[in-house]
Amino acid sequence: MKNKKGFTLIEILCVITLLAIITTIASASVINLSSKSKENLYCAKLDMIKSAAKSYAFGYEYELNQSEEYYNGYKSLTITVNDLIKNGSFSPDKDDEVLSPINNESLNDLKIILYLKNNQVYVEIEDKVC
């Protein structure tokens, strides 16, 4: 009787199939994790923009009080991230651009609504991610 060493073709195909399935599951998990972390980074950047907008509002409190714009029944002032950069309240990422971590698009034209409610400044950014 011959002593054969090695694997059959069926055994090799089964191992390759299992490796392909494991790789597919792992790569899907990594892609999902990457997407979630980009969304979290984006929300953190929006929070930083809101904080900068709030400090911006203290310098423009008179304009906010005199504004004829209204947001949900409260006096408001609409600004953009560009205004925050020009004022020095927010630092751009590069080349005077604030970039979205999700798709690297510019956030400079993102509208920020500052409004007065009970003599306090509130900031609203209309966004669907956060």
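Helices, of at least four residues, and strands, of at least two, are taken here as DSSP runs numbered from the N terminus.

**Entry 1: the fold.** I opened the structure, which is a predicted model. I looked up the secondary structure of the chain and found three helices and four strands. Read from the N terminus, I noted their order as α-α-β-β-α-β-β. The chain is more spread out than a compact globule, because its radius of gyration is 26 Å, well over the 14 Å that the globule rule gives for 130 residues. I then looked up the extent of the C-alpha trace, which spans about 100 × 35 × 15 Å along its principal axes.

**Entry 2: burial and surface.** I asked what share of the 130 residues is buried, and the value is 25%.

**Entry 3: charges.** I recorded 14 positive and 17 negative side chains, and the centres of the two sets lie 15 Å apart.

**Entry 4: the core.** I turned to the largest nonpolar core, which has 23 residues. Among those with the most contacts inside it are Ile49, Ala53 and Ile79. Two or more residues come from each of helix H1 (9–59), strand E2 (74–80), helix H3 (81–87), strand E3 (111–117) and strand E4 (120–125). H1 gives the largest share, seven residues.

**Entry 5: Ala53.** Which residues does Ala53 contact, leaving aside its neighbours within four places in sequence? I found Ile79, Leu84, Ile112, Leu114 and Val123.

**Entry 6: contacts across the sequence.** Of the contacts between residues at least 6 apart in sequence, I noted that 65% join residues at least 24 apart.

Conventions: Residues are numbered from 1 along each chain as its sequence is written. This is a predicted model: local features need pLDDT of at least 70, side-chain atom pairs count only at pLDDT 80 or more; totals for chains, interfaces and linings use all residues. Side-chain values use heavy atoms; hydrogens and water are left out. The radius of gyration is taken over C-alpha atoms; the globule rule is 2.2 Å times the number of residues to the power 0.38. Buried means under 20% relative accessible area, exposed over 50%, partly exposed in between (1.4 Å probe, protein chains only). Contact means heavy atoms within 4.5 Å. Lys and Arg count as positive and Asp and Glu as negative; His and the chain ends are not counted. The place of a charge is taken as NZ of Lys, CZ of Arg, CG of Asp or CD of Glu. A nonpolar core is a set of buried Ala, Val, Leu, Ile, Met, Phe, Trp, Tyr and Cys residues joined through side-chain atoms within 4.5 Å.
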